[in-house]
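Try each task before you read its solution.

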Amino acid sequence: RIVYVNGRFLPYEEATIPIMDRGFLFADGIYEVSAVLNGRLVDNEAHLARLDRSLAEIGIRNPHDAAGWTRLEEELVARNGLKEGVVYMQVTRGVAERDFVFPSDGTPPTVVMFTQAKSIAANPLADRGAKVVSVEDLRWKRRDIKSVALLAQVLAKQHAAAAGASEAWMHEDGFVTEGGSSTAFIITQDGRIVTRPLSTAILPGITRRAVMRLAEEQGLTVEERAFTLEEAFGAAEAFFTSASAFVMPIVEIDGRRIGGGQPGPLTRRLRGLYLEMAA
Ligand code: PDD
């Protein structure tokens, strides 16, 4: 397995980061995850644009332009012979003596990339449908930034896993915000696709945007509004989206069956459209 660290491709076993890295000490960094299907990156320009925006929001200089990132990602995918899975990219504020305040301007950011092989298009869970468990959203107020500070999501997803579910739906003030690592969608009994509008309360999902476009191209109605767990329990269908799951049908939320416990027809159609687009 070959990984990338600060300008070098090297075997995973030889890749190390100093203990004073601010990503390690303060979670002072940003990450991105792009899908790879048939050896090719999926919707990667949008992921790189979000990476650039997240870095700018916390004042870390982006060490590469989009073309530079793409070259590195493609080389990493090729060196690992990756056909299906994800590329993980992380940029932290670099290595410096522990101090909350930013290090001096010349401190180079730490850049790490690796690949993970994973069935995304061929994930058998998509045929069965996923179970979801709700948890209170305990995160900070800038969830639009793809920060490596993921403790709330770690706890949320561990809670879900312990309950036999594959995703946690986080809620705040009675409304669903998003999944632990995905965007939440429901489909109403009259066939409208509902997802929360973009704000600082959620991450602007790249898959979310692609799925909304595909749905609108099909003449389907997409409604951007917050929805409650109660509404989700009574929805015709539900699904979540992410680079590592694409469109994942949900068949159960907090033990309540959604759509008769089967992946819904509209969700399956959206998954099919996304797979066609990504292939
Ligand atoms: N997570 N919301 C949150 C909180 C996420 O962490 C993610 C992605 C998404 C979906 O965004 P996108 O469609 O751009 O992948 C929404 C990645 C996959 C992760 O943390 O592994």
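This is a predicted model: local features need pLDDT of at least 70, side-chain atom pairs count only at pLDDT 80 or more; totals for chains, interfaces and linings use all residues.

**Exercise 1.** Work out how α2 and α3 are oriented to each other.

*Solution.* 
- Start with the axes: those of α2 (residues 44-58) and α3 (residues 66-79) come within 10 Å and cross at roughly 120°.
- As for handedness, α2 passes α3 in a right-handed crossing.
- Now look at who meets whom: Asn44, Glu45 and Leu48 on the α2 side touch Ala66, Trp69, Thr70 and Glu73 on the α3 side.
- Sorted by type, the residues of this contact are three nonpolar, two polar and two charged.

**Exercise 2.** Find which residues of α6 are buried.

*Solution.* 
- Locate the helix: α6 covers residues 206-217, which is 12 residues.
- From first C-alpha to last, α6 reaches 17 Å, close to the expected 16 Å.
- Its buried residues are Ile206, Thr207, Arg208, Ala210, Val211, Met212 and Ala215.

**Exercise 3.** Say where Ala27 sits, and whether it is buried, exposed or in between.

*Solution.* 
- Most residues other than glycine have a negative phi.
- Ala27, though not a glycine, has a positive phi near 55°.
- Ala27 lies in the loop between α1 (22-26) and β3 (29-37).
- With 13 other C-beta atoms within 10 Å, Ala27 is partly exposed.

Terms used: Residues are numbered from 1 along each chain as its sequence is written. Axes are lines fitted to C-alpha atoms, for helices over the stretch in contact, and angles run from 0 to 180 degrees between N-to-C directions. Helices (H or I, at least four residues) and strands (E, at least two) are DSSP runs, numbered from the N terminus. Angles under 35 degrees count as roughly parallel, over 145 as roughly antiparallel, 65 to 115 as roughly perpendicular and the rest as oblique. A crossing is left-handed if the near helix is turned anticlockwise from the far one by less than a right angle, and right-handed if clockwise. Two residues are in contact if their C-beta atoms, placed from the backbone, lie within 7 Å. Ala, Val, Leu, Ile, Met, Phe, Trp, Tyr, Cys and Pro count as nonpolar, Asp, Glu, Lys and Arg as charged, and the others, Gly among them, as polar. The expected span of a helix is 1.5 Å times one less than its number of residues. A residue is buried if 20 or more other C-beta atoms lie within 10 Å of its own, exposed if 12 or fewer, and partly exposed in between; C-beta atoms are placed from the backbone.
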